[in-house]
Each structure stands twice: as C-alpha cells, then as structure tokens.
Amino acid sequence: MITILKMTAATLLPVGLSAAVYGFEQKTAFGKWNWWVRQLLIGLLYGGAAVLATEYGIPVAGAVLNVRNAAPLTAGLLFGAPAGLLSGTIGGVYRAFAYLGGMGDFSRTACALGCFLAGVFGAICRRFMFDNKKASWFYGLAIGITTEVTHMLLVFITNMDDIARAFLVIKSCALPMILCNGISVMLSLLVVMRMGREAIRRPRQNRQISQVFQFLLLICVLAAFAVTSLFTNALQTRLAYSDTDQLLKLNLEDVKQEIKEASDSRLLQITQRIAGKVDQNTTREELEELRLDNDVAEINVVDKSGIIRQSTDSAFENYDMASGKQSAEFLCLLHGETTYVQSYQKVSARENLYRKYAGIILADGGFVQVGYDSEQFQSELKKNIEAAVKNRHIGKEGRLIVCDEALKILADNGENAGEAIVVNTPSPDEKPEAGTRFTARIGETKSYCMFDTTEGFFLVASLPVSEAMFSRNIAICILMFMEVIVFAALFAHIYFLIKKLIVDNIHKINHSLGQITSGNLDVHVSVRENEEFASLSDDINATVDTLKHYIDEAESRIDRELEFARQIQRSSLPSVFPPYPDRTDFSIYASMEAAREVGGDFYDFFLTDPAHLAFLVADVSGKGIPGAMFMMRAKTLIRSLTESGLSLEEIFNAANKKLCENNEAEMFVTAWMGRLDLESGLLEYVNAGHNPPLIRHGDGGTEYLRTKPNFILAGMDMTRYRKHELSLAPGDVLFLYTDGVTEAADHEDVLFGEERLCAALSQAGKFPEEICRAVHSDVAVFVNGAEQSDDITMLCVRWNEKEKTADFSARPEKDTIEKASAFLEETLEKWEVPMKLSNRAQIAVDEVYSNIVYYSGADLARISVSFNGDTLELLFEDDGKPYNPLEAKEPDVTIPLENREAGGLGIFMVKKLAFEMTYRYENTKNQLTVLFTK
C-alpha cells in the first residue's frame with residue numbers, strides 16, 4: 001500500500017506542476033515574457049522535477065521504481081520543444097552521476113539516456129507531429145508509454161553481458177513504470193485542456209483529416225502490435241515446450257542408460273564369477289550354494305542345445321530356451337556371442353515373474369544364466385542411482401528425482417525427499433503418461449516434469465517453469481519492446497509522409513479555395529508534388545476559369561439590368577433644377593447617391609397648389625433591388641395621398657397602414673415630410689422616425705429642428721402620426737438628409753456625425769444647390785476614399801422674399817439713355833439694393849440700352865427690373881433688328897470707332913466690369929436677360 005501511495009504521488013507531481021505553470025502563464029504577466037526566457041524557466045522547473053523523481057525512487061524487488069521521464073515529456077508536449085530538451089538533459093545528466101551518491105549503477109546508462117530521449121521525443125512530437133500545439137490526452141498516453149518502453153529496452157541493450165539480471169530488473173519495474181509515466185503525461189494534458197476550456201473530444205464532423213488519419217493509423221498499429229505479440233507468444237511458448245520436452249527426455253534417457261549400464265555391469269560381474277565355478281556337470285546343490293553366496297535369485301546351466309540341464313529352480317529344468325521370447329534372446333550365446341545381459345522384464349517360463357538375466361558361455365559348451373529379482377538389484381544399485389541423480393542437473397535449477405509408483409520422492413538432488421510430487425491434472429486420480437510432459441509442484445516450485453521407469457525405478461526429470469520459460473519471456477519481452485518502438489517509428493514515419501504528401505497539399509489547396517470562395521478568382525492553384533494533386537490543381541483552375549467566364553457574363557447582364565433599374569429609379573426622382581424657373585419665392589435642390597447601383601433612399605417635392613410646396617426625404621430599411629422596389633411603392637403612395645388633399649398626419653396614417661399590408665419582408669421606412677405655405681412661410685411637418693433636419697436662419701445661425709419623432713412607417717399598422725408647425729423667415733433654409741450623411745465613416749470607422757454636418761451647413765453658401773454640394777464635398781473629404789456603406793440623400797429648401805418689379809418703356813432715342821439710368825437708380829435705391837449690385841446694373845443698362853438706341857432701329861424699347869432679395873434681374877426688349885450681342889466677337893480696339901462691329905465693345909465691357917452676372921438671350925423675342933446675385 002505504501003508503494004502504491006508513493007507511486008501515485010510521483011505520478012501526480014508532473015500533473016500538479018503542469019497545472020501551476022499553465023495557470024501562472026495564463027493569468028499573470030509571466031505569459032507576456034520573452035518566449036525564450038519562459039522556455040528556459042519551464043525547462044529548469046521540469047528538470048528539477050526529473051531530479052526529484054530520481055532521488056525519491058521506490059526500491060522494489062532489487063529495482064528502483066520512478067516516474068522520471070514524465071517530466072521532460074510533459075514539458076516538451078505542453079510548453080515547447082526547448083523546454084522539453086532542457087529538462088530531459090538536466091534529468092539525464094543528474095541520473096548519469098547519481099551513482100556517486102549511492103544510486104544504483106546497473107541501469108545508470110539506460111536511465112540517463114531514457115530521460116534525455118524523453119525530452120527529445122516530447123520536442124519532436126510537438127514540433128513535427130502536432131505543429132507546435134498541445135497534444136490530446138490520448139496521444140500523451142501513447143507517447144508516454146512508448147518513451148518508457150524505450151527506457152526498458154535500453155536496460156537490455158546496455159546490459160547484454162548480464163541479460164538475466166536485466167530481465168529481472170525489467171520484470172520488477174517495467175509494468176508500473178510504463179503505466180505511471182503514461183498516465184502522468186495523459187493527466188497533465190487533460191488538466192491543462194480543462195484549464196484552457198478546450199474540448200476533450202471534438203465532434204466527429206469537425207475533426208481534421210490529420211486527426212482522423214492519426215486515429216485510424218494508431219488503431220491499425222495497435223491491432224498489428226496485438227496480432228504479432230499474440231502470434232509471437234504462441235510460437236515462443238511452443239518452442240519453449242519443445243525445448244523443455246527434449247531436455248527432459250534427453251536427461252531421462254541419459255540416466256536410464258547410466259542405470260542400465262551400472263546394472264548390467266554388476267550382474268555381469270557376478271555371472272562371470274559364477275561361470276568360473278560351474279560346468280555342464282555341476283549339480284543343483286552346488287548351484288544353490290553359489291546362488292546363496294552371490295545373493296542372486298536364480299542360476300541356470302544351459303547345454304549346447306539350449307535346454308536347461310540344471311537350475312536352482314527345479315521348475316525350469318529341461319526348459320527349452322527357444323520356447324519363449326524372453327528366454328530365446330540368450331540363444332545368441334550359442335551362435336558366437338560370449339556374454340549377454342538382458343533388461344529387467346517378464347520371464348517367459350512363468351507368468352507374473354520379472355527378473356533381469358545375464359549369460360556367459362562355458363568352456364565345455366553351453367552357457368550359464370544368472371538372474372536378479374527387483375529387490376536384489378535395486379538395493380544393489382541404489383547407491384549408484386542416488387549418486388547419478390544427485391550429480392545431475394537439468395538446466396540451472398532442474399533436477400532428476402527417484403520416485404516410487406505413487407510419485408513419492410525417494411531420492412533427488414534437493415531437500416524434498418519423502419515428499420510427494422503434486423501433479424497438476426484435472427482429476428486427482430488421473431496419472432500422467434510415461435514420456436509425456438506434465439506440470440507439477442515439487443516443494444514450492446512449479447515445474448514441468450516427465451517420468452519413465454528403468455530397472456524397477458520411477459525416474460522423474462523436472463525443470464522449473466520460470467527457467468523453462470525464461471528464454472521465451474526474454475524473447476517476448478524484447479520483441480514487444482522492439483515492436484512498440486518499431487510501430488511507433490512506423491506510425492510517425494507514415495504520418496509525416498502522409499502529412500507532407502497529402503495533408504499539407506490539401507491545406508494548400510484549401511487555402512487557395514478559401515481565397516477563391518472569398519471572391520478572389522485570380523488565385524491560381526499550383527500544387528504539383530505528385531501527379532494526382534497536379535491533376536486536381538489543373539481541374540480546379542479550369543473550373544475557376546469557366547466560372548469566371550460565366551460570372552463575367554452574369555455581371556454584364558446584371559450590370560445592364562441594374563443600370564436600367566438605376567435609370568428608372570433616378571427618373572422617378574426630380575432631377576431638373578431649378579424645377580420651377582418662374583418661381584422666385586422659393587429655391588430647392590436635392591440629390592441622392594446610392595451605395596449600390598440602386599438604393600433605398602428617396603426624396604420628392606411638388607407644388608400641391610400655387611401657394612404650397614410639399615417635400616420629403618425617406619430612408620427604406622433595405623438596400624439594392626428590394627429596397628428600391630419598396631422605395632418606389634412608398635414614394636408613389638405618399639405622393640398620391642398628398643395630391644388627394646389630405647393633411648400631413650392623415651397622409652402618414654394612411655401610408656403606414658397600406659405599407660404594413662403584405663409586408664412579408666418586414667421592411668420599413670423612416671421619413672420626414674413638410675408642407676410650406678409660400679405666402680406666409682408657415683411650415684407643417686411630420687417625422688416618422690427620421691433624422692432631425694437642420695434649419696439655417698437668414699442671419700447665418702444653424703440648429704437642428706428636433707421634435708419627438710413618431711414611429712417608423714410600415715412598422716405597426718395602428719400607429720398614429722402627429723404633425724408640427726414652424727414659421728420660416730425670408731431667407732431661412734431647411735436641410736433634410738438621411739443617415740448616410742451623418743453615418744459616413746472613414747477608414748478608422750469614425751462617423752461624420754451631426755456636429756460636422758452642422759458646421760458644414762454653417763460654412764456653405766446661401767442657396768440650396770451650393771449647400772448640398774458643399775456638404776457632399778465635406779463628406780467626401782472626411783471619408784477619404786473609404787467605401788460608402790449607405791445611401792447619401794439630401795434635400796434643401798429656401799424660402800425667399802417676395803419679388804419686386806418695375807418697368808421702363810420709351811422710344812429708344814438719345815435722350816432716353818439718361819432717363820433709363822435715372823429710372824434704374826431711383827428704383828434700386830427704393831428697394832435698398834446693395835451699392836455693388838446697383839453699380840453693376842447701371843453699367844449693364846448704359847451699355848445694352850445704348851446699343852439698342854444706336855443700332856437696333858427699334859421703335860420701342862423696354863427695361864424690366866425685378867429683385868427677390870438675392871437676385872437682381874434686368875430684362876431688355878426691343879422691336880428692332882434681331883441681334884445677339886453675346887455671340888459677337890470681341891472687337892479690335894485699334895480699328896476706328898466708326899469701322900467697328902455694332903454692339904461688340906459695350907457688351908464685352910459689361911462682361912469685364914460686371915463678371916458676376918448671368919446672360920440669357922432669346923432671338924425670337926429680341927430679349928436679353930441679365931441676372932445679378934449678391
């Protein structure tokens with residue numbers, strides 16, 4: 001129990017160290033230290049663990065149990081190759097010199113090499129087999145077992161001169177050390193996986209091909225190992241049995257031969273002595289006396305005819321030796337043989353009588369025959385037999401035993417005389433057969449035995465089972481260790497080959513396919529290590545080329561269709577500006593830039609009657625074709641409801657209910673709609689979840705028009721909407737937009753925002769088109785080329801002052817030039833037109849009206865003046881000769897005045913002096929319009 005507890009503690013030491021190091025690395029600043037510094041420190045820690053395992057080994061049956069190799073293996077597999085190599089080197093060097101402190105020297109070299117190789121194996125496996133990732137617990141167990149098997153094999157290799165002792169050491173410590181080191185590595189990996197919250201077993205469908213191959217290859221290797229081990233065990237066992245049988249039989253035959261020779265020699269000596277004292281004339285009384293003197297059972301004198309003439313047993317007299325098989329053997333003495341000794345057997349002349357006979361020829365012819373009973377020659381030969389048994393060994397521990405018929409030991413070379421041989425048979429009454437191996441217990445030793453009979457003796461040859469199977473056990477042990485190493489090396493070699501030739505190439509192809517599926521169709525797959533992957537690469541490239549061709553065709557078709565859709569969408573939005581050239585009481589401009597070919601934003605404006613302007617901006621939740629279709633539906637519906645004369649809240653109530661119907665796509669619209677009274681400047685508006693608009697007052701101040709918004713359109717059909725009112729002052733500007741403006745992002749995902757929009761509006765011009773273009777320019781500068789993620793829509797409305805008009809008509813004569821100038825001066829002064837604008841207008845009147853007076857030949861000329869607060873318009877009309885001064889070439893001033901082309905000089909002077917004006921000439925009406933802006 002103490003040994004088990006000590007081995008358990010030694011097994012758990014690397015586990016606890018792994019948990020501590022991993023937790024320290026994950027939860028403290030240690031994990032951010034330089035990688036090499038961490039490897040050095042971890043290697044030192046695990047090297048120290050290997051040293052502790054060496055110092056606190058557990059002596060068992062002449063060997064020392066330890067869990068040394070688990071430390072460098074765990075360091076390499078969990079934390080990195082350098083840590084494993086360093087810890088293995090520390091543990092190996094310490095074990096190499098530990099004998100100086102009294103540590104065992106027999107396995108010193110094997111243990112030192114084993115510890116160093118453990119670090120090497122851990123480093124190699126992590127680097128090449130697991131791609132610098134932690135191994136799973138199952139492979140940790142397999143690698144731990146393989147490493148310790150290598151250690152055991154090294155004990156054999158480094159102690160070839162004392163293989164028996166090496167086997168005893170391995171027999172004592174191999175199983176616990178192999179299991180404990182493997183379990184220690186396995187538990188270390190399991191604990192770290194749990195701490196890292198990694199799955200112990202991945203779902204089958206998510207396993208990588210390399211993992212599947214590793215698992216299947218491991219199963220094949222284990223199956224091959226099991227089959228070869230079982231076959232080898234069976235074969236070696238048969239060979240051991242055969243060798244044992246031969247050894248036992250050989251020793252039995254040798255002893256039988258020795259006993260027979262001793263028995264024959266003794267009986268022949270007696271027969272020779274008797275033969276020297278008898279002849280054909282010796283009487284029965286003389287023979288009886290010789291029998292008693294020589295302590296034999298029988299003496300017969302046989303004549304030349306093979307007939308017993310005299311015998312100590314009267315029943316045998318006149319017996320014909322040729323009449324029995326046993327007796328006939330002695331007739332050889334009548335045919336040239338001088339002596340003959342017969343083995344102990346049944347006598348022909350009398351049933352149930354067993355004797356041993358010897359015969360020697362007599363000088364006067366015939367021969368004398370002397371017989372021994374079993375009691376006589378067994379007692380005679382007992383000392384010789386006991387000496388032969390005691391002096392004979394079978395193997396190292398085997399022996400020969402003399403037994404009686406009940407297998408009770410009479411004599412052997414051990415200390416078991418008098419004891420019975422306990423035969424291992426299924427039935428106690430079952431007896432083994434002569435010459436057949438059987439298992440028995442002799443004393444405390446389990447042995448293989450074989451018996452035979454000779455000269456009335458039972459001889460048993462025995463060999464301890466441990467000795468009989470010693471060669472088998474060593475062969476199987478070494479073979480199994482070698483198979484573990486060979487199969488592990490074969491596993492690694494095949495895995496590396498498959499990984500390099502198949503798995504790595506599959507990863508390359510998958511990487512290229514990943515780029516292709518991500519949209520990069522210009523990727524060219526080029527994996528050509530072998531013919532199969534070259535063919536696969538060519539097939540993929542051909543498929544991609546075909547796909548590109550079809551995609552190009554589809555893109556062309558889609559581009560045409562999207563362009564058509566874009567044109568339809570744009571045609572549905574007002575795009576002509578100014579939309580109402582004859583209206584000066586308001587100015588309006590709008591734009592929509594879709595994030596895709598078509599968008600979900602829209603705007604609209606229209607006069608519901610001459611005094612009211614309706615306008616709105618909306619944003620549909622979807623993009624692309626679906627958003628555009630929903631946009632068209634919403635726009636058409638709102639415009640239709642507006643033109644029906646409903647109030648703004650009624651328009652949104654009805655539009656919301658209609659848009660909720662059949663809205664399976666669950667799209668919605670945010671919208672802001674206003675209706676401006678062009679007479680009073682009263683603005684009514686409704687906000688359905690849209691961004692608040694900006695209002696810029698005539699004095700330049702800018703603010704957001706914030707009110708509590710209503711719910712979105714197409715959200716809930718029971719939603720009710722409420723309108724708001726606001727009075728605008730002349731010159732006030734209202735700026736509507738969608739979230740594509742404020743949520744435009746640069747490359748760092750920073751949004752344009754409401755503050756930047758407010759600042760951009762404050763710095764823009766006064767008129768809607770200038771404002772929209774300025775905001776769009778600021779957004780473009782801000783995003784700096786970043787991809788547009790949402791539609792950008794803007795609408796700007798300006799309420800202008802009421803237009804002021806005045807006319808001057810006269811026959812175009814010389815004296816009316818001053819009158820026209822005086823009319824313009826008085827009118828502009830009354831309207832409080834800025835001096836700069838007034839001076840430029842005077843230049844235009846002087847030059848243009850003078851041309852009419854001098855060159856048109858008209859009977860009537862008219863000047864119409866209008867001013868709306870920002871724009872001053874001059875309209876010149878006459879009924880004279882048509883002439884477009886805007887098409888005249890700039891005159892050559894070196895030519896005398898009377899020779900110059902009419903009208904040229906004056907209009908070009910106006911261009912140069914009043915460059916901020918706009919011209920519009922209508923040839924059919926003889927009209928020239930000049931526009932001046934502040």
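User: In which sense do strand β5 and β7 pair, and over how many bridges?

Analyst: In this predicted model, strand β5 spans residues 339–341, and one of its residues, threonine 339, stands opposite isoleucine 360 in β7. The pairing of β5 with β7 is antiparallel, and the number of bridges is three.

User: Which residue of β7 is the bridge partner of lysine 346?

Analyst: Strand β6, made up of residues 345–346, runs antiparallel to β7 and is joined to it by two bridges. Within this pairing, the partner that lysine 346 finds in β7 is tyrosine 354.

User: How many bridges join β7 to strand β8, and which residue of β8 is the bridge partner of alanine 358?

Analyst: Strand β8 covers residues 367–372 and runs antiparallel to β7, with six bridges joining the two. For alanine 358, the bridge partner in β8 is valine 370.

User: Which residue takes a positive phi in the hairpin of β7 and β8?

Analyst: The hairpin of β7 and β8 has five residues between the strands. The residue with a positive phi, near 100°, is glycine 365.

User: Why is strand β7 largely enclosed by the rest of the structure, and how many of its residues are buried?

Analyst: A residue counts as buried when its relative accessible area is under 20%, and across the 934 residues of the chain 47% fall in that class. Strand β7 comprises the eight residues 354–361, and it is largely enclosed by the rest of the structure because the number of its residues that are buried is six.

How values were computed
Residues are numbered from 1 along each chain as its sequence is written. This is a predicted model: local features need pLDDT of at least 70, side-chain atom pairs count only at pLDDT 80 or more; totals for chains, interfaces and linings use all residues. Side-chain values use heavy atoms; hydrogens and water are left out. Buried means under 20% relative accessible area, exposed over 50%, partly exposed in between (1.4 Å probe, protein chains only). Helices (H or I, at least four residues) and strands (E, at least two) are DSSP runs, numbered from the N terminus. Two strands pair if DSSP finds at least two bridges between them.
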